[in-house]
Amino acid sequence: MDIQWFPGHMAKTRRILQENLKLVDVVIELIDARVPKSSKNPEINKIIGSKRRVLVLNKADLADEKLTGEWMEWYRSQGYSCVAVDSLKGAGIRQLIRQIESLMADKLERERTKGKRISPIKAMVAGIPNVGKSSLINRVAGRASAATGNRPGITRGKQWIRLGDRIILLDTPGVLQPKFQDQEAGLNLAFAGAIKDEILDVPRLAAELLKRLSLSYPKYLAERFKIEGAGDLSGEELLYSAGRIR
């Protein structure tokens with residue numbers, strides 16, 4: 001499957017990120033813990049540059065815990081400050097706030113030393129579509145401040161959300177790279193819901209996902225769809241079997 005999707009508003013989104021980067025102290029970059037490599041948009045690296053950032057592996061509750069730990073260790077070895085988060089239940093949120101404050105400790109200390117009123121930390125939330133940016137903001141804020149939905153493209157414009165006196169968050173629309181050089185990344189993002197279903201061959205995509213799951217997680221596939229010997233079946237056969245069970 002050749003998956004390419006770069007809707008017209010993406011160019012505007014990139015401009016929004018670039019224009020507002022100078023207004024913030026730190027960037028919270030969200031990636032999907034289920035596909036931590038594919039969901040890390042290289043375009044965001046180019047936009048952020050050397051700006052301080054925390055890398056958040058969101059939806060950690062849906063990912064393989066062992067592999068999430070290994071990915072976090074790898075990203076830390078690359079110099080990232082990172083944390084695994086479940087935005088819906090709140091796991092990892094306190095650690096995220098501590099990491100933001102730790103990154104900005106020198107700025108806060110300078111303000112204290114000079115006797116200035118300590119200003120809130122301004123943080124920008126960035127990531128691909130449907131990675132859970134708005135859900136994260138709502139969890140941190142403790143209220144429904146940002147629109148959410150299980151499809152890409154919910155957030156279209158920037159919005160500031162104040163989190164008490166300590167942090168102000170800027171929510172931004174999701175941004176994809178203009179072209180997937182690696183089709184593996186395109187497939188993984190389609191599996192994770194970062195690409196609109198309307199442009200996809202959904203049954204074929206589902207068959208491909210089921211085949212991958214049958215090879216990596218046959219136990220869970222058997223539990224969910226009561227399919228034994230899944231590794232010996234094609235993706236289409238798995239989809240047919242799952243459909244019969246449903």
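Reply: The buried residues of helix 6 (133-141) are Lys-133, Ser-134, Leu-136, Ile-137, Asn-138, Val-140 and Ala-141. Buried means under 20% relative accessible area, exposed means over 50%, and partly exposed lies in between, using a 1.4 Å probe and protein chains only. Helices (H or I, at least four residues) and strands (E, at least two) are DSSP runs, numbered from the N terminus.

The model is predicted, so local features need pLDDT of at least 70 and side-chain atom pairs count only at pLDDT 80 or more, while totals for chains, interfaces and linings use all residues. Residues are numbered from 1 along each chain as its sequence is written, and side-chain values use heavy atoms, with hydrogens and water left out.

Helix 6 is largely enclosed by the rest of the structure, because seven of its nine residues are buried. Just after helix 6, Gly-142 has a positive phi of about 75°.

In helix 4 (residues 93-103), the buried residues are Ile-93, Leu-96, Ile-97, Gln-99 and Ile-100. Viewed down the axis of helix 4, these residues fall within an arc of 160°, so they line one face of the helix. The arc is taken from the directions that run from the helix axis to the C-beta atoms. An α-helix has 3.6 residues a turn, so residues three or four places apart point the same way. On the face of helix 4 turned away from the buried side are the exposed residues Arg-94, Arg-98 and Ser-102. Helix 6 is among the elements that cover the buried residues of helix 4, and so are strand 1 (26-32), strand 2 (53-58), strand 3 (81-84), strand 4 (121-127) and strand 6 (167-171). Contact here means heavy atoms within 4.5 Å.

Strand 6 is itself mostly covered, with five of its five residues buried. Ile-167, Leu-169 and Asp-171 point one way from strand 6, whereas Ile-168 and Leu-170 point the other way. In a regular strand the side chains alternate between the two faces of the sheet. Strand 4 runs parallel to strand 6 and is joined to it by five bridges; two strands pair if DSSP finds at least two bridges between them. Ile-121 stands opposite Ile-167 of strand 6.

Where do these elements leave space inside? A search of the whole structure finds one cavity of 30 Å³ or more. On a 1 Å grid over the protein atoms alone, a cavity is a set of points where a 1.4 Å probe fits but cannot get out, whereas a pocket is an open set with protein on both sides within 12 Å along at least five of seven lines; lining residues have an atom within 4 Å of a point. Grid points are joined across faces, edges and corners, and a volume is the space filled by probe spheres set on the points. The largest cavity holds about 40 Å³ of space. Its lining is made by Ile-28, Leu-96, Ile-97, Ile-100, Leu-136, Val-140, Leu-163, Ile-167 and Leu-169. Helix 4, helix 6 and strand 6 are the elements that give two or more residues to this lining. Helix 4 gives the most, with three residues. By class, the lining of the largest cavity has nine nonpolar, no polar and no charged residues. Ala, Val, Leu, Ile, Met, Phe, Trp, Tyr, Cys and Pro count as nonpolar, Asp, Glu, Lys and Arg as charged, and the others, Gly among them, as polar.

For contrast, here is the largest pocket. The largest pocket contains about 1400 Å³ of space. Its lining has 40 residues, and Arg-34, Val-35, Phe-191, Leu-209 and Leu-213 lie nearest its centre. The lining of this pocket divides into 22 nonpolar, seven polar and eleven charged residues. Helix 8 (202-216) is one of the elements that supply at least two residues of it, and the largest share, eight residues, comes from helix 8.

Finally, the setting of these parts. The protein chain has ten helices and six strands. Buried residues make up 46% of its 246 residues. Of the contacts between residues at least 6 apart in sequence, 66% join residues at least 24 apart.
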